[in-house]
Amino acid sequence: MPRNLTTIGFDADDTLWQNEQFFRMTQERFAELLADFAEPDHLQARLLAAEKRNLGHYGFGVKGFVLSMIETAIEVTEERVPAAVIGKLLAAGQDMLNHPIELLPHARAAIEDLAPRFRILLITKGDLLDQERKLAQSGLGELFDGVEIVSNKTAAIYADIFARHGDGADRAMMVGNSLRSDVIPALEAGAWGVFVPHGMTWALEHAEPPLARPRFRELPDLKNLPRLIEELA
C-alpha cells in the first residue's frame, strides 16, 4: 500500500482547529435577534438556502455567512429589519473573525509525527485573510511544506496541488472532516482520502461515505493517523 506515499494534505477548519461551533453560536444569536419575525427552524432553513444560493457570489467563510444572515433578515422581516439588528449581526461576524484559535486534540502531535517523513500541506478554503490569521495563531505554520487557500475543493484542484507540491495525487493523501470537500474530490483525483468526523459539520458539507472506494478510510480522530499510515504501508 502507500509505500509510495510522499505527500499528506490536511484540511484546517474542524480538522485541525475548531470552526463550526462559532457559526452555530452566531446562528443562535441570529435566531434571538429575529425571534419576533420567524421561528428558529424556519429561520435556519431560510439562512441555509441563502448560504447555498450565495456560494457562487461570496465563496466560503465568515464574510459570506454574515452577508447571508443580513439578506435573510431583510427577507423574513419584509425589509423592516431594524438597523440595530444589522449592526449586531455585523458585530457578531467581527467577533467570529477575531476569535482565538482552539486546536483540536492530537492535531499538533499527528503533524509533528508525520512531518519528518512526508511533505505536509495545508489545503483549506474560505476567506483568505481569516484563514491566514487562523494559521498564524495556530502555531502550526512552520510544520507545513506548503499552504493552499482555495475558493473551492474539486478533483482538479487537488490534482493540481499534489502535482505542484508533491509527486501527484496517486502518491498523496488528504485528511479532513468533510466528505464532500476533503475526501470525495481527493479520491476522485486519485489520492487517498481519510475522513475524520467532527461533532459539528455544516449541512452543505454532508455526503454519503464512499465506502466502495478502496482508498477511503475513516478515523475517530487524528491520534490514529500515523498508525493508519504504518498499517497501510
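You're looking at a predicted model, in which local features need pLDDT of at least 70, side-chain atom pairs count only at pLDDT 80 or more, and totals for chains, interfaces and linings use all residues. Residues are numbered from 1 along each chain as its sequence is written, and side-chain values use heavy atoms, with hydrogens and water left out. Helices (H or I, at least four residues) and strands (E, at least two) are DSSP runs, numbered from the N terminus.

**The sheet**

- Let's start with the strands: six of them form an open sheet in the order β3-β2-β1-β4-β5-β6, with parallel pairing. Two strands count as paired if DSSP finds at least two bridges between them.
- At the edges sit β3 (146-150) and β6 (216-218), each of which pairs on one side only.
- From one strand to the next, the twist averages 20°. Angles run from 0 to 180 degrees between N-to-C directions, and axes are lines fitted to C-alpha atoms, for helices over the stretch in contact.
- In general, strands of a sheet pair through backbone hydrogen bonds, and the pairing can be parallel or antiparallel.
- β2 (residues 119-125) runs parallel to β3, and five bridges join them. Look for L121, which stands opposite G146 in β3.

**Strands β4 and β5**

- β4 (residues 172-176) is joined to β5 by four bridges, and these two strands run parallel. On its β1 side, β4 pairs with β1 in the parallel sense, over four bridges.
- M173 is a handy landmark: I8 stands opposite M173 of β4, and the bridge partner of M173 in β5 is W192.
- Five of the five residues of β4 are buried, so β4 is largely enclosed by the rest of the structure. Buried here means under 20% relative accessible area, exposed means over 50%, and partly exposed is in between (1.4 Å probe, protein chains only).
- In a regular strand, side chains alternate between the two faces of the sheet.
- You can follow that in β4, where A172, M174 and G176 point one way and M173 and V175 the other way.
- Now try β5 (residues 192-195): W192 and V194 point one way, G193 and F195 point the other way, and all are buried.

**Helices lying across the sheet**

- Helix α8 (residues 179-189) lies across β2, β4, β5 and β6, running at about 155° to β5.
- Helix α9 (residues 225-232) lies across β1 (7-10), β4, β5 and β6, and runs at about 150° to β4.

**Helices packing on each other**

- Two packed helices are described by the angle between their axes and the distance between the axes.
- α3 (residues 62-76) and α4 (residues 83-98) pack at an angle of about 165°, with their axes 10 Å apart. They are therefore roughly antiparallel to each other. For such labels, angles under 35 degrees count as roughly parallel, over 145 as roughly antiparallel, 65 to 115 as roughly perpendicular and the rest as oblique.
- The contact (heavy atoms within 4.5 Å) is made by V62, F65, V66, M69, I70 and A73 of α3 and I86, L89, L90, G93, M96 and L97 of α4.
- By class, the contact of α3 with α4 has eleven nonpolar, one polar and no charged residues. Ala, Val, Leu, Ile, Met, Phe, Trp, Tyr, Cys and Pro count as nonpolar, Asp, Glu, Lys and Arg as charged, and the others, Gly among them, as polar.
- The axes of α1 and α4 come within 10 Å and cross at roughly 170°, which makes α1 roughly antiparallel to α4.
- F22, F23, T26, R29, F30 and L33 of α1 meet V85, K88, L89, A92 and M96 of α4. This contact of α1 with α4 has eight nonpolar, one polar and two charged residues.
- α1 and α2 (residues 40-58) cross at roughly 120°, and their axes come within 10 Å. That makes α1 oblique to α2.
- Here Q27, F30 and A31 of α1 touch P40, L43, Q44 and L47 of α2. By class, the contact of α1 with α2 has five nonpolar, two polar and no charged residues.

- N19 is in the loop between β1 and α1 (20-33).
- Is N19 buried or exposed? N19 is buried, with a relative accessible area of 12%.
- Not counting residues up to four places away in sequence, N19 touches D13, D14 and K134.
- N19 and E79 are 60 residues apart in sequence and 31 Å apart in space, C-alpha to C-alpha.
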